[in-house]
Amino acid sequence: MKSIMRFLEKYFIPVAGRIGSNRHLVAIRDGFVALMPILIAGSFAVLINNLPIDLYQDTMLSIFGDGWKNFGGNIWWGAFAVISLYLVFSISYNLAKSYEIDGLSAGMIALASFFILVPQVSPSGGWGDINWSYLNSGAMFVALIVAIISTELFVRLFRVKHLVIKMPEGVPPAVAKSFASLFPGLIVLIIFSIASMLIAKIPDGNLFVFINRVVAAPLTNVADTIWSAVVIVFMNQILWFFGLHGSNIIGGIIEPILLPMIQANIDAFQAGLEPTYTVTKVMLDTFVYMGGSGATLGLIFAAFIVAKRKEHREIAKLSIGPGMFNINEPVIYGLPIVLNPFLLIPFILGPILMVILTVTSMKLGFVPKTVVIVPWTFPPIIGAAVATASIRGGILAAINLVIATAVYLPFMGALDRSKTLQAEDHE
C-alpha cells in the first residue's frame, strides 16, 4: 500500500496538478459550469412535457388543451437548440479572463468567428438560412475549438501595442474597451473568414461534419462503455484521495464528451425515442457520487452503524446534512479520507462497483438511461428517479447506496478500532 501511494505521489499527482491548472481546461470546465442553470431549466422543461405517465399527460391535455407543450418546448428551444452559441461565448470569456484580457470582447469575437464557419444552407445559395443542427449540442466540439483558437489569436494580437487604439481619458470604459479590441478582433475575423473558404476544400466541405466524424463520434463511442466509466470514476477517486478536487481537474476533459451525450438523450426523450447513451455526467452524479465523490453517504451510514469512537460519530452527524445534498468536504477532510490508508480501498472500490452495476443495468434495459439534467446537489435516490424519469432509477440508486455502505463497513470498523488501540497505547 505504501509503495502504491509513493508511486502515485511521485508520478500521478504532479501530472494531475498540471492538468488541473491548465488554463484551457479550466476555461472549458468553467464554460460548461456557467451553462448549468440553462441546461437544468431546459431538461426539466423536457420532463414536464414528456413525463411518461398516461394520467399526467391526459390531465395536462384536458386542463391546458392541445398547445400545452408549447410552454416547455419554448424553454427547450431557448436552452438546448442553440447551446453551442452559449458555449463558445462562455469558454472564450473565461479563457480571456485568465489572461486578464477583456472577456466580453473576446467572447463576442469568438461568437462572430463561430458564425463565420456555420454553413449557409439556403437552396439559392443566399445568406442567413442556418440549420439549427449547427447550433445545438452536435456543434459543441466545433464551438470548443473555435472558442480556444479565436481567443488565443485575440489575446496575442491584443498584446501588440500598435494594433490597440488607446482612447483619451474621460472616455467611458465600455467605449475604450470596444475601440481597443477593434483591430485585434478584425484580424481574427479575417483569419476565420479565410479559414472558412479553405474548409470548403476539405472532403466533407463542412467543418461541423468533419469534426463530428473524426473527433466527436470516436470519442463518444469510447466514452459510452463500462470501462470508460470505470476509468473516470477511478481517476476522480484517486485525485480526491490525495486532496485534489477530482471533479474540477478532470471536468475540462470529460465535460465536452459527456454533456452532448446527455443532451442527445434528452432530444430522443423529447421525440419519444429510446435514449442512446448510458455514460453521462448526470448518471455519475445521481447513481455513483451519492453524498459526493466516493459515495461518502455510504461511509457516513457505516460510521453510524459500526463506529464507537465519539469523534467518528460526531463527524458523521456533522456530515449527514451536507451529505444529503452531495457535499462531502466535512467527511473528506474531517474524518479524514484524504491520505487515510484505511479508507483508500472502499473509497475507490465502492464507486467502481456502483458504476459497473449502473451501466450494466441501463445497457440491459432494467433501468432507463438518464434524460433529465438534475443539479449535482439534488438529494440521492430522488435525483436518480428524476434523472431517469422513472422510479426504477430511484430503486437502483438505493441499491447502490446499500452497496457503498456495505463496502465501507469493515474498513470503517477497522479505522475505529485502530484509533481506539492508539488511544489505549498512549494511556
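What covers the buried residues of helix α5? The cover includes α3 (36-50), α6 (83-98) and α13 (246-270). The sections below set this helix in its surroundings.

## Basis of the description

The model is predicted, so local features need pLDDT of at least 70 and side-chain atom pairs count only at pLDDT 80 or more, while totals for chains, interfaces and linings use all residues. Residues are numbered from 1 along each chain as its sequence is written, and side-chain values use heavy atoms, with hydrogens and water left out.

## Overall architecture

The protein has 20 helices and zero strands. Helices (H or I, at least four residues) and strands (E, at least two) are DSSP runs, numbered from the N terminus. Along its principal axes, the C-alpha trace spans about 80 × 60 × 45 Å.

Of the 427 residues in the protein, 49% are buried. Buried means under 20% relative accessible area, exposed over 50%, and partly exposed in between (1.4 Å probe, protein chains only). Among contacts in the protein with a separation of 6 or more, 74% are between residues 24 or more positions apart; a contact means heavy atoms within 4.5 Å.

Helix α5 comprises residues 70-79, and its buried residues are Gly72, Gly73, Trp76 and Ala79. They cover an arc of only 130° around the axis, which puts them on the same side of α5. The arc is that of the directions from the helix axis to the C-beta atoms. On the other side of α5, the residues Asn70, Phe71 and Asn74 are exposed.

## Helices α12 and α13

Helix α13, part of the cover of α5, also packs against helix α12 (residues 226-241), at an angle of about 160° and with the axes 9 Å apart. Axes are lines fitted to C-alpha atoms, for helices over the stretch in contact, and angles run from 0 to 180 degrees between N-to-C directions. The two helices are therefore roughly antiparallel to each other. Angles under 35 degrees count as roughly parallel, over 145 as roughly antiparallel, 65 to 115 as roughly perpendicular and the rest as oblique.

From α12, the residues Ile232, Asn236, Leu239 and Trp240 meet Gly246, Ser247, Ile249, Ile250, Ile254 and Leu258 of α13. By class, this contact has seven nonpolar, three polar and no charged residues. Ala, Val, Leu, Ile, Met, Phe, Trp, Tyr, Cys and Pro count as nonpolar, Asp, Glu, Lys and Arg as charged, and the others, Gly among them, as polar.

## Helices α14 and α18

Helix α14 (residues 281-288) packs with helix α18 (residues 341-363) at an angle of about 120°, their axes being 10 Å apart. These helices are therefore oblique to each other. The contact joins Met283, Leu284, Phe287 and Val288 of α14 to Pro351, Met354, Val355, Thr358, Val359 and Met362 of α18. It consists of nine nonpolar residues, one polar residue and no charged residues.

## Two buried residues

Val188 is placed in helix α10 (residues 182-199) and is buried, with a relative accessible area of 0%. Leaving aside neighbours within four places in sequence, Val188 is in contact with Ile109, Ser113, Ser150, Leu153, Phe154 and Leu157. Val188 and Leu153 are 35 residues apart in sequence, and their C-alpha atoms are 6.5 Å apart in space.

Asp224 lies in the loop between α11 (207-223) and α12, and counts as buried at 13% relative accessibility. Not counting residues up to four places away in sequence, Asp224 touches Met261, Thr276, Tyr277, Thr278, Val279 and Lys363.
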